[in-house]
Amino acid sequence: MKKKLKVYSILLAVVLCFSIVNGVYEQNCSSSSGESDEELTFGPLPDEFVTVEEIEGGVRTIYKPLFTIQVEVFPKNLKKDRYLVSKVGEQACQVEMREVRLGIPNEKLFRSTPYIMTFCLFIPILALFIWLFVIVFQVIRSIIRSEVFVSSLAGKLERAGILLVVIQLLCYAGAYVITYSLKQLVHLAYYEIKGVAYPSDIFIIVGLILMIVSQIVLMGKDLKEEQELTI
């Protein structure tokens with residue numbers, strides 16, 4: 001029990017330190033290089049995104065289904081004196097994108113790794129969330145019944161924490177594979193895909209906290225039993 005508490009506490013400290021260091025690194029992550037023939041513009045969509053059909057009295061525009069995904073990006077191929085600037089009248093401001101939503105025609109990505117990974121990850125993560133909600137309701141029921149310092153509650157809290165950690169690890173694994181695949185399939189003008197936007201480290205942090213609390217509950221149970229025996 002005490003050994004588990006020590007291990008969970010160390011893991012929580014490591015995860016918190018990693019989150020802080022990773023956040024600082026992300027803020028400083030950028031690259032620059034020489035000239036490029038890339039282009040980032042506003043305008044009508046290319047033919048691969050839309051189909052225009054002539055109908056009686058005009059035309060009809062049909063938008064093709066898209067695979068959309070939120071990704072984190074960082075600038076590339078930019079000279080030090082070149083910036084993305086927004087101008088409205090006399091007002092101007094520098095624009096720096098860190099997160100964008102990509103839309104790629106389904107026919108271009110159909111049966112590709114991002115498609116397959118998104119589908120394969122959805123099912124186990126959904127199953128784990130359903131299991132987690134069941135445990136949460138069981139914990140709430142135990143608390144309402146004043147069954148606090150009992151082994152069953154501690155076990156439920158520990159399982160809930162483990163589920164949250166597993167969900168976060170699945171998100172990490174899926175994000176890595178999808179990011180790698182997108183880098184091979186999609187190229188952004190002046191920007192490079194850094195990673196797929198996924199839930200922050202909050203799941204793994206909350207999970208470890210629940211695992212620590214489960215051990216504290218067990219310690220409280222032992223203290224309660226000792227007091228009852230003493231009396």
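Ile130 has its place in helix α3, which covers residues 113–144, and the model in which it is seen is a predicted one.

**Surface patch**
- Together with Phe119, Phe122, Ile123, Leu126, Trp131 and Val134, Ile130 makes a nonpolar surface patch of about 730 Å².

**Salt bridge**
- The count of salt bridges comes to 1, and Glu96 forms a salt bridge with Arg98, in which the closest N and O atoms are 2.5 Å apart.
- Glu96 is partly exposed, with a relative accessible area of 44%, and Arg98 also counts as partly exposed, at 32% relative accessibility.

**Largest pocket**
- The largest pocket holds about 1100 Å³ of space, and of the 29 residues that line it, those closest to its centre are Glu39, Leu40, Thr41, Phe49 and Leu188.
- Two or more lining residues come from each of the elements β3 (66–75) and β6 (99–105), and β6 gives the most to the lining of the largest pocket, with 6 residues.
- Sorted by class, the lining of the largest pocket is made up of 20 nonpolar, 4 polar and 5 charged residues.

Technical notes
Residues are numbered from 1 along each chain as its sequence is written. This is a predicted model: local features need pLDDT of at least 70, side-chain atom pairs count only at pLDDT 80 or more; totals for chains, interfaces and linings use all residues. Side-chain values use heavy atoms; hydrogens and water are left out. Patches are made of residues with over 30% relative accessible area and no salt bridge: like charges are joined within 9 Å, nonpolar side chains (Val, Leu, Ile, Met, Phe, Trp, Tyr) within 5 Å. Accessible areas come from the Shrake-Rupley method with a 1.4 Å probe; for residues, only the protein chains shown count as cover. A salt bridge is a side-chain nitrogen of Lys or Arg within 4 Å of a carboxyl oxygen of Asp or Glu. Helices (H or I, at least four residues) and strands (E, at least two) are DSSP runs, numbered from the N terminus. Buried means under 20% relative accessible area, exposed over 50%, partly exposed in between (1.4 Å probe, protein chains only). On a 1 Å grid over the protein atoms alone, a cavity is a set of points where a 1.4 Å probe fits but cannot get out, and a pocket is an open set with protein on both sides within 12 Å along at least five of seven lines; lining residues have an atom within 4 Å of a point. Grid points are joined across faces, edges and corners, and a volume is the space filled by probe spheres set on the points. Ala, Val, Leu, Ile, Met, Phe, Trp, Tyr, Cys and Pro count as nonpolar, Asp, Glu, Lys and Arg as charged, and the others, Gly among them, as polar.
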